[in-house]
Amino acid sequence: MTIQFKFTMWTVAVVLVANALLAMVTVESIGRRWLDEVQTRVRLDLNSARAAYQSRLERLSWYLRALTFSRTITLGLQEGNVAAIESHLEKAYRTGKMDILTLLDAQGRVVCRAHHPQYRQDLLTHNPLIAQVLREKRGVQGTVVLTAQELQRESAQLAKQAYLEVLPTPAAYPTKDAFRADGLLLAAAEPMFDAQGNLLAILFAAELLNNDFTLVDQIKQEVFADQQYEGRDIGTVTIFLGDLRISTNVVREDGRRAVGTRLSAAVADQVLKEGHTWIGEAFVVNDWYITAYEPIRDPTGRVIGVLYVGLLRAPFLRERHRITWTFVGFIAAASLASLVLIQTGSMLVLKPIRQILAMARRVMEGDLKARVGIRPPGEMGVLCRAIDQMADAILEREEQLKAAMSRQITRSEQLASVGRLAAGVAHEINNPLTGILTFAHMLREKPNMDEQDRQDLDLIIRETTRAAEIVRGLLDFARERPAVKQPLQINDVLRRTLRLLSNQRAFSNIMIVEDLQEGLPLIDGDPNQLQQVFLNLALNACEAMPQGGTLLVTTTLDQDKVLVKVTDTGCGIPPEHLDRIFEPFFTTKPVGKGTGLGLSVSYGIIQQHGGNIEVESKVGFGSTFTVSLPVRRSPSPSPSAVPTTDLK
């Protein structure tokens, strides 16, 4: 995958994500703004519907108030001429196109009904409007509910008009009602007074809204002006009695008005139960509308119905979709143009990188003299210069490495030759030395030897022994002796080694401190070889402290390795010698004091044991040699296998 491809993909991803987020935020903002605008319109339409509803009440009230000035009614009441009153009310009833027109006396008892003259003398003080007029002695208007029995008393036709079958409605509260027969009425009541100002009578008039579509169609015409979308009315108006549609221009799928359907439970809770206005999207009968519902209250303040206006959502949704897709298309076009510009720009910007890659491939193929060779302006030019400088440095290091490798190979060949020579010389010298040492011991045992001869023989024995040790060291270096490993506790090896040292005269002014951790796991090792290593480290530490000091030996467990640290307070090792102390024949001791094989042999022994030796030193403060040895891993034989110890 090329850098240009990655760069292009990342840039494309950033552009697409940014544009997608911009589109989402903008579309969401457009949606919210659109919904706010439509809801504001619906709220204003609801205000207009309420004004039309109130205007209808006002008209009824004004008409009734005009009747209170009728001398026919006043004289008829004073003279008891009920027939004259009935005739006058009958004309007013037909002229005003009211459903109910009733005259009551000062106690609220019916004197006569224009629409049902033969039924009278019933008391209507339970009617909230009548009760308010009797209480306040002034005209009132409002919306009231009359039961089926009360409507039947007024007129059988009104009772029939109020009757509605309850239709199943999705999202409405469950109900067992098959029909409703109560009526919702626009009503007004006006008092009539005699010459002395005493209450003489009350005129009561009302219009039944059940199955009467005059008011809702009038409001729709005034508010929505018969606007349509795909043959359907955009605006609709409904009046509810409780949660039941009693007057509406919302139509069902069969084209009939949706009277008898009910309010959804969510709207009913907020409007009927809580008495709040609902404004929002709602599914009305068979389609989605942007709706507004407002509670209708009776004169006592009790919520008895709902006034609804709604706008068909589809035309507004189509307009929103048109705006949204226009914006999305603009974003897509801008994104496409951005991608073309990004591709073109990336090709121009990354052209030097392609040359850098070509140069890198040539270098990897072995052409260390390959260079970028261009210097474009800006950071890319700095990069090209740096890469060329890096290539120059690599070429120089390669030449230095070849020279160092050549020297190392020469040194290795020299060491191999020295090793082979040392092995041959050691074999040739070892036999004469053994003979000299044997005869020297035999001569020293003669009884007729004087003291001077004995001292001379002691010198011969001592120097011959030293020469034999040098030969043995050469043999150990020149050939690898296999280790005889066994499970052992490292602390035991160290304690035996330190006991040997404590009896040596060289350690008389050196304090040996043991800090051995108990409970260490076993290791696999050759105890003699390990003792040789620790003995060599201790002797080196002793030689580093000619004026005395402290030798600290500690053991610890580090995960799956046992660590042995040998620390002295001697003169330390110079930094320039630290990298060479494990080389064969390297020594800082004077001639005759060491062969330079001790640490090299020790290093080989520890490597045979799967471990390592590290050194830390500071001139004038001492040195610390750390030997790490792996913990013994016991085999996990199968139940039928014979234990390893039994096979030895």
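Arg65 lies over the face of Trp62, at 4.7 Å from the ring centre; a charge is taken to sit over a ring if NZ of Lys or CZ of Arg is within 6 Å of the ring centre and within 35 degrees of the ring normal. A further such placement involves Lys618, which is positioned over the face of Phe621 at 4.9 Å from the ring centre. The model is predicted, so local features need pLDDT of at least 70 and side-chain atom pairs count only at pLDDT 80 or more, while totals for chains, interfaces and linings use all residues. Residues are numbered from 1 along each chain as its sequence is written, and side-chain values use heavy atoms, with hydrogens and water left out.

Aromatic pairs number 4 when rings of Phe, Tyr and Trp (its six-membered ring) are paired at centres within 6.5 Å, with planes under 30 degrees apart counted as stacked, over 60 as edge-to-face and the rest as tilted. Among them is the tilted pair of Phe240 and Tyr293, at 6.2 Å centre to centre and with 45 degrees between the planes. Because Phe240 belongs to strand S10 (residues 235-241) and Tyr293 to strand S13 (residues 287-297), this pair ties together parts that are 53 residues apart in sequence. Tyr293 also forms a tilted pair with Tyr308, at 5.0 Å centre to centre and 40 degrees between the planes. Here the link joins strand S13 to Tyr308 in strand S14 (residues 303-312), 15 residues apart.

An open sheet of 5 strands has the order S16-S18-S19-S21-S20, with mixed pairing. Its edge strands, S16 (510-516) and S20 (612-618), each pair on one side only, and the twist averages 15 degrees from one strand to the next. Strands pair if DSSP finds at least two bridges between them; helices (H or I, at least four residues) and strands (E, at least two) are DSSP runs, numbered from the N terminus. Strands S19 (residues 561-568) and S21 (residues 622-630) run antiparallel and are joined by 7 bridges, with Leu629 of S21 as the bridge partner of Val562.

Helix H14 (residues 527-543) packs on the sheet and touches S16, S18, S19 and S21, contact meaning heavy atoms within 4.5 Å. The direction of H14 makes about 170 degrees with that of S21; axes are lines fitted to C-alpha atoms, for helices over the stretch in contact, and angles run from 0 to 180 degrees between N-to-C directions.
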